[in-house]
Amino acid sequence: MSAVITKARNFSSILRSLQNDLSNESSPYEVCHLMCCDCCHVVISNHSLHVCFEPQEELQILKVCGDDSIVSSWSSGHRAVFICEKPVIKAEDDEMDKSSCSENEAHELLGNLGPQPVSIMKARQLLSWYTMSQNQKLSHDSGPLDPLWVRCDMSDPAGTSWLGAETVHLANKVTGVKLYSVTCKGPSVERKSSITLEDLKQEHKKRHHPLTVAIKGNALYNLFGSTVVENTTIESQSSVTVEFKWSHVERVLETPPLSSKATLKMKITSGDMRSPMFQMYRELEFLQVCVLFLNNSTNNVDLLAGGLRTGETEWMEPLETQSAVELIKTYLEGMAMDIICFISITIPCNFNKLQRLFRIRQQSQRYAGQQTAEAFYANTAKIEAEKAESETSIFDSFMERGNLDFVEQIWVRMRKSVTSYQDVQDCLKLVMDSLSYGDLKPWIHRDSNSSLGKVFLKSYHQPIDHVSLTGLTPITMLLEIGLDKMRKDYINYLIGNELTTLNHLRYYISTEVDLQEQVIRLRKLHHLLEIMVTCSTFLGLPFDRLFCLTQSCLQYYKTSPYNEDHEFTLQITPALISHLYQKEHPVVWGAEVSSGHGPREVKTTMQLSDKPLVDHIVFDTDYTNGSVDGNSEELAYFTTMVCCSLVNFA
């Protein structure tokens, strides 16, 4: 008996050291220790923990944040849990040679590369050590340990896939331990499911003998994400799911009632071509290319003029067939002709003015000085038609804003056509040359923060100084124009829809930080807009829910780095999205029978899911995409049962 207690204490010390060393860390997978059963030998290694009990038998213990593991939903929601498993096997190259093994053998070999379970006997031994170490009559362990979960190989008659244990404690005094067992079967078609709510109640009463029980339901529906069309899965990195919780469950797989508590869970990835924000995402990508160019370049002009690639920077594929220089020439000529038309109609005798304006057009061979008046007006009409067509495609996006000024129009054309540093330099030289005549004074936003915009604003009142377009100056000027333009786009949408105020956006639109940080903050704002647009256009959420979600996202990104894996949540009423889920199948449906109160509450849970909730076991099934014979009405579900037992320390 003393030897068993010693082993339990040694095992507890390993868990305790993991728990204490990483009490302030948030990384999901952390430090490892090496323990031998007989002589507690501890070694710290990098992100891997191995426990040696016998020759050629090793176990790995991971400390995992609760939200990063399915087991957190089965226990009491601890911040962190221990997961015990066999170490991941690294297959050798010759083992992976498909020519030397059959298809089934190759599939089995690939399956062995994932998390590996331990035997039921070993799992029970680990949990007995955990339980003994927490009993203060047998051990003098200080304070409760985080829960321990062990992957099992389903070798027992019940098909156990997980065994778990967590302490029941008051302050730092442990008064008992809850032991969990998880079994998984399937898949089976819903109408043939052998488990009923009455079976679930009887299983709970058999274990706990309560006077009364409560039964609750929960369901998870996928509203947006990967879809299946004709047995082909269209993958998407974005997902919008809704989780329902309700009481008074009447039957298995019942649709959540409108009185349920509903929580939207959103993980949105930027860059989805189906998104109305895709064109804005392309603009943001171009901004990031400019920043990368600045980071990888120097003031060496030979290096900067190196063409499509500079250092590690590669320009985006152009969206226009015309070159960047030709697009800017066309735009400047169109502006010049607009002014000429206006002057020729309103001030017909001001020939000197006309002469100066024609000098602007001499940058292109398209318009010769000897062309007739008829040809001039014909070309004017053609340019106006091209301009209208171009602007229609330019603003063919969700974030359309009609008050683009001159430098923003320059940005729109350049970001779709620039393929080199030389393009940027030549285009901006054309713009600066057109300004040098003093007759082209386009409209610029008064609050323009770009250096090019400020040059034009200054030209309204006085002659401008020469602007050197060498080194990194052209890229910096272009980046400033894009930042300024996109900030106005986002402000226009958010404030125009009354989702926030300018004061709440100060952090995101500040120009007091460097350009790289400005782009990072703009990227956060773009991600926020992706979420808002998904919720407004796809889900059709009302203003009050969009407003609440906007404030939540703004607050999160003020203190957190950019993270597309973060799950944003929002409480809603089921009636708002009833048309999206009531005729659909849930991806997870569960029922929970419980008795007791507080930390001594015990539960028996059943979960039906379209995919197995156990990731270390490969299930044999002929069903594809969760259906039978491709018929979506006959959905096949995996059944997971979680049973709990309470052990009291007298």
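Reader: What kind of model is it, and what are the ground rules?

Author: This is a predicted model, where local features need pLDDT of at least 70 and side-chain atom pairs count only at pLDDT 80 or more, while totals for chains, interfaces and linings use all residues. Residues are numbered from 1 along each chain as its sequence is written, and side-chain values use heavy atoms, with hydrogens and water left out.

Reader: OK. How many helices and strands are in the protein chain?

Author: The protein chain has 17 helices and 20 strands. Those are DSSP runs numbered from the N terminus, H or I of at least four residues for helices and E of at least two for strands.

Reader: And how much of the chain counts as buried?

Author: 49% of the 650 residues. Buried is under 20% relative accessible area, exposed is over 50%, and partly exposed is in between, with a 1.4 Å probe and protein chains only.

Reader: What about the surface itself?

Author: The accessible surface of the protein chain is about 32,500 Å², and 51% of that belongs to carbon and sulfur atoms. The areas come from the Shrake-Rupley method with a 1.4 Å probe, and for residues only the protein chains shown count as cover.

Reader: What share of the contacts is between residues 24 or more positions apart?

Author: 68% of the contacts with a separation of 6 or more in the protein chain. A contact is heavy atoms within 4.5 Å.

Reader: On to helix packing. How do H11 and H12 sit?

Author: H11 (residues 421–436) and H12 (residues 451–459) pack at about 10 degrees, with axes 11 Å apart. That makes the two helices roughly parallel. For the terms, axes are lines fitted to C-alpha atoms, for helices over the stretch in contact, and angles run from 0 to 180 degrees between N-to-C directions. Angles under 35 degrees are roughly parallel, over 145 roughly antiparallel, 65 to 115 roughly perpendicular, and the rest oblique.

Reader: Which residues make that contact?

Author: From H11 there are Leu428, Val431, Met432 and Leu435, and from H12 Leu452, Val455, Phe456 and Ser459. They divide into 7 nonpolar, 1 polar and no charged. Here Ala, Val, Leu, Ile, Met, Phe, Trp, Tyr, Cys and Pro count as nonpolar, Asp, Glu, Lys and Arg as charged, and the others, Gly among them, as polar.

Reader: Anything in the loop between H11 and H12?

Author: Leu440 is there. It counts as buried, at 1% relative accessibility.

Reader: Changing topic: which residues have the most contacts inside the largest nonpolar core?

Author: Leu264, Met266 and Phe406, in a core of 107 residues. Helix H13 (residues 473–496) gives the most to this core, with 11 residues. Another core, of 26 residues, lies apart from it and includes Leu59 and Phe82. A nonpolar core is a set of buried Ala, Val, Leu, Ile, Met, Phe, Trp, Tyr and Cys residues joined through side-chain atoms within 4.5 Å.
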